[in-house]
Amino acid sequence: MLDVRGVSVRYGDLQALWDVTFAVRAGELVAIIGPNGAGKTTILKTILGLVRPAAGSIDFRGAPLTRYPPYDRVARGIALVPEGRRIFPNMSVRDTLELGAYTAGRRADLRPRVERVYDLFPVLASRQRQAAGTLSGGEQQMLAIGRALMADPALLMLDEPSLGLAPVVIDHLYDRLGELKGRGLTILLVEQYVAGALELADRAYVLETGRIVREGAGHELLADDYIQKTYLAL
Amino acid sequence: MAPPAVQTVVELLLGGVSLGGLYGMMAFAFSLALATTRILNVAHGGFLVLGAALAMLFFRFLHLHFLLGTLLLLAIFLLVGLLFEGAFVRPLMGRPPHAVLVGSILVTFGFALALEAFLGFYWADLVDPQPSFTIPFPAPTLQVFGLTLSGTRLTILAIAMLTAGLFHLLLTRTKMGKAARAMSEDHEGALIIGINPRRLSIRIYLVGVVVTAFSGILYSTTAPLEPYSGLPLTMIALTIIVIGGVGSLPGALLGGVLVGTAEVLTTFLAGGAWAPVVYLLVFFLVLVVRPEGLFGVREA
Amino acid sequence: MRRWAAGGLQGLAVAAGAGLLLALPQVATRDIVTAVFFALIFITLAVSYDILGGFLGYLNLGQGAFFGLAGYVLFILIVKVAFLQHLGPAGPALAVLAAVAFTALFARLAAYPLFQLRGAYFAMATFGLMLLLGHLITNLGGLTGGAYGLYIPTELYLPLRPAYTLALLLTGLSVALNALLARSRLGMGLQAIRQSELAAAAIGIDLFRYKSRALVLSSLPSALAGCLFALYSGYIDVQNMLGAEKTLFPVIMAMLGGSGTVFGPVLGGVIVRAIDVSLKNYLVLPVPALGIYGLILMCIGLFMPQGILPFFLRRRL
Ligand SMILES: Nc1ncnc2c1ncn2[C@@H]1O[C@H](COP(=O)(O)OP(=O)(O)OP(=O)(O)O)[C@@H](O)[C@H]1O
Ligand SMILES: [Mg+2]
């Protein structure tokens, strides 16, 4: 479904990604793990078109993406749950969700989509009219995921959804991600919460200082010596 | 008959509030464009002057039929919005932040000056050697509880309130309005959910230029605008959003009424020459006294 | 080695230029000397504008406020404080000192509201400051002559020759100030702030102190230029001291030549003055000059945001 080939990204003099190649197949949950500053966020931003690569190509559902601006990529079925959530603090939960379907066009499709998000995260239903900025961190993360799902994406990308949340809340979120995966949604998950991400992932890549240094099935990497030493502190 | 003192006070208040409503609507157009595109349009006040000048040309010199003239004006303002956005706003939007700042100031300030100079020059050459744009609007006065109220000011107030209501609906009910709010609250967040910044910016400028130019026409029904009134009007819009906050509709209305009332009172008490001194002092005072209250103003 | 040679060459060029300008009154007509005098005044404005515009990256659309304020304070002192007129040349000199000091104080105070703002808001606020001064001066007719302006006695007029020499000296000092600043702690701090206010604050730079010092420094040459201009003219009013071009020219000059370089504003100044003189004297176009400047500003903003000098320097690298 998603083919990233030889992508390099520069921010001025600093090169953040070096010849990054990976793929996500339909129905898979792929994780990318790596330390701070490895370039994980940069990968997701490049896929969405917020950052322009200096080299390489990105294909989505068989067609090259590189020329399209972010809004066209969203319309083609890519949705991002960004790092730090980036919700709109003064906007109500309901409005935020409806905006998530911005590229979807038909108003009639909105209701069932909102209902599906409320089914997944019932707490959001009870907060419909509340300003998004007044939600708790966990609720904000759910809202950010709900907002992305409203676009009815073919590929859902999440950037460190566990960031700054209590373990119980993380567990809850990961259960929901598992549910989405079970429904056949294709997911690209970027995480520093390595244990959780690898457990859930079909396959995973390890990114360090802008390069992919390891890849494999989720459970394989979980058992890998290097991963255990470096990321799981076992 | 009401006592003359009461009559004067009511007149001043009505004058202040109607001028304030007018200021509020033009300031909100400025504010919305600033919040969503992050480009401060120095030429904003020039659109009021342009509106007044064209309306005067159409109605007082060419004697166009009211409806025909209004439709023609609407078409022209839409075209101006489209061209202005396409030529000056769009090319800047992709640049890095500092370049956007420098570029937008140079371009819109340059446009404001060119507009001022050309409008004054050619108007003096072709129409009237003393360029001054005014469209007297003989609305009948209204008698309420023995008070005499200016029909013109009441009309302006009504139009301003109607515009504010429409703006409110735009922001809360339409997809475009919600997208504009999202864009002003979190720029990258808005891009992530697939909002097309260019399409939004065109629409904002179409609406903005029309509202601004028509508020210029309204202004010119009570007082003349000169070619060089544009930059001071931009300063007034800026003062209002410094008081009320960038992108806030209630803030713009409140700030508008405050500045409008201050202007009317100053003119009554000290003469029209002191009115600009007062709003400029308010501007700097607000900056010194409550910098923290200026939601969003510190960013650019 | 090559850098040395280039530096030497540049020094030589500057020395040769300065020598030529010093000798100018001996060889050139009065008209030419007058034109160069005005050019020097505006170049000084542009160079001092660039302390904020170039080093700090803050657009000051009110540089002319310092110019106009100093001119007015100077004339008010000379006209209203009678004994200054009986001190001979020391009188105006004292008044100039007081005017410059007053302007610097004004700049320091203006820093409080202005540096609450950044970016485009800052630029507009500086423009508002200029408007405010203009209105105050027009309204306070008893002190400032209002719409009629102020005159000084003819015997206090500054003749062209000394005015020219002083203007040349002032421009030289103003350029030297920027060159020194580029190497000083303050200058480095300003450039750090320009790069990123957050990062600058993180390494312990007191943002407000640096910014307000820059503002005060940039007010000094402009204030002196205003005094020179006023003393040479003998008459001031709001139009000639605080008119739109006093605000416009420094920005256009610095931007056109290359903001943030020592000689960019000088180059831009020469170009703009050449355009201005030809617009007013030789080319009789059916368009207003202000409109042309507006168009120039727009073109710089759209097509050449880094200016002419950096444009070519970067080419060569
Ligand atoms: N807009 C930017 N400008 C300049 N450098 C940037 C920018 N964004 C990221 N970088 C740099 O690129 C590198 C990769 O950043 P990125 O945000 O992709 O890392 P990350 O893996 O997401 O880190 P984290 O886990 O901390 O979120 C970092 O060194 C960062 O400083
Ligand atoms: Mg990241």
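Q: What does buried area mean, and how much do chain B and chain C bury between them?

A: Buried area is the accessible area, taken with a 1.4 Å probe, that two parts lose on being put together, summed over both. In this predicted model, chain B and chain C bury about 4000 Å² between them, with 81% of it on carbon and sulfur atoms. In chain B, the residues that lose the most area to chain C are B:L106, B:F109 and B:F284, which together make up 15% of what that side buries.

Q: Which conventions apply to the numbering and to the model?

A: Residues are numbered from 1 along each chain as its sequence is written, while chains are lettered from A and ligands numbered from 1 in the order in which they are written. Because the model is predicted, local features need pLDDT of at least 70 and side-chain atom pairs count only at pLDDT 80 or more, whereas totals for chains, interfaces and linings use all residues; side-chain values use heavy atoms, with hydrogens and water left out.

Q: How many residues of chain B and chain C are in contact, and which helices of chain B take part?

A: Contact means heavy atoms within 4.5 Å, and 48 residues of chain B are in contact with 41 residues of chain C. Helices are DSSP runs of H or I with at least four residues, strands are runs of E with at least two, and both are numbered from the N terminus. Across this interface the rule finds zero salt bridges, a salt bridge being a side-chain nitrogen of Lys or Arg within 4 Å of a carboxyl oxygen of Asp or Glu. On the side of chain B that touches chain C, α3 (66-93), α4 (97-126), α9 (230-244) and α11 (275-289) each supply at least two residues, and the largest share, 17 residues, comes from α4(B).

Q: How many salt bridges does the rule find between chain A and chain B?

A: The rule finds six salt bridges across the interface of chain A and chain B. B:E188 forms a salt bridge with A:K45, where the closest N and O atoms are 3.5 Å apart. The area buried between chain A and chain B is about 2000 Å², of which carbon and sulfur atoms give 59%, and the contact takes 22 residues from chain A and 17 residues from chain B.

Q: Is C:T247 buried or exposed, and what does C:T247 touch?

A: Buried means under 20% relative accessible area, exposed over 50%, and partly exposed in between, with a 1.4 Å probe and protein chains only. C:T247, placed in helix α12 (residues 244-257) of chain C, counts as buried because its relative accessibility is 2%. Leaving aside residues up to four places away in sequence, C:T247 touches B:F109, C:L61, C:G62, C:G64, C:F127 and C:M130. A polar atom of the side chain of C:T247 lies 2.8 Å from the backbone oxygen of C:L61.

Q: Which residues of chain A have a positive phi although they are not glycine, and where are they found?

A: Most residues other than glycine have a negative phi. Among those with a positive phi are A:D19, at about 50°, and A:R61, at about 45°. A:D19 is found in strand β2 (residues 14-24) of chain A and is exposed, with a relative accessible area of 55%. A:R61 is found in the loop between β4 (55-60) and β5 (63-64) of chain A, and at 53% relative accessibility A:R61 counts as exposed.

Note on methods
A polar contact is a pair of N or O atoms within 3.5 Å; within protein, one must be able to donate a hydrogen and the other to accept it, and residues adjacent in sequence count only if both atoms are side-chain atoms.
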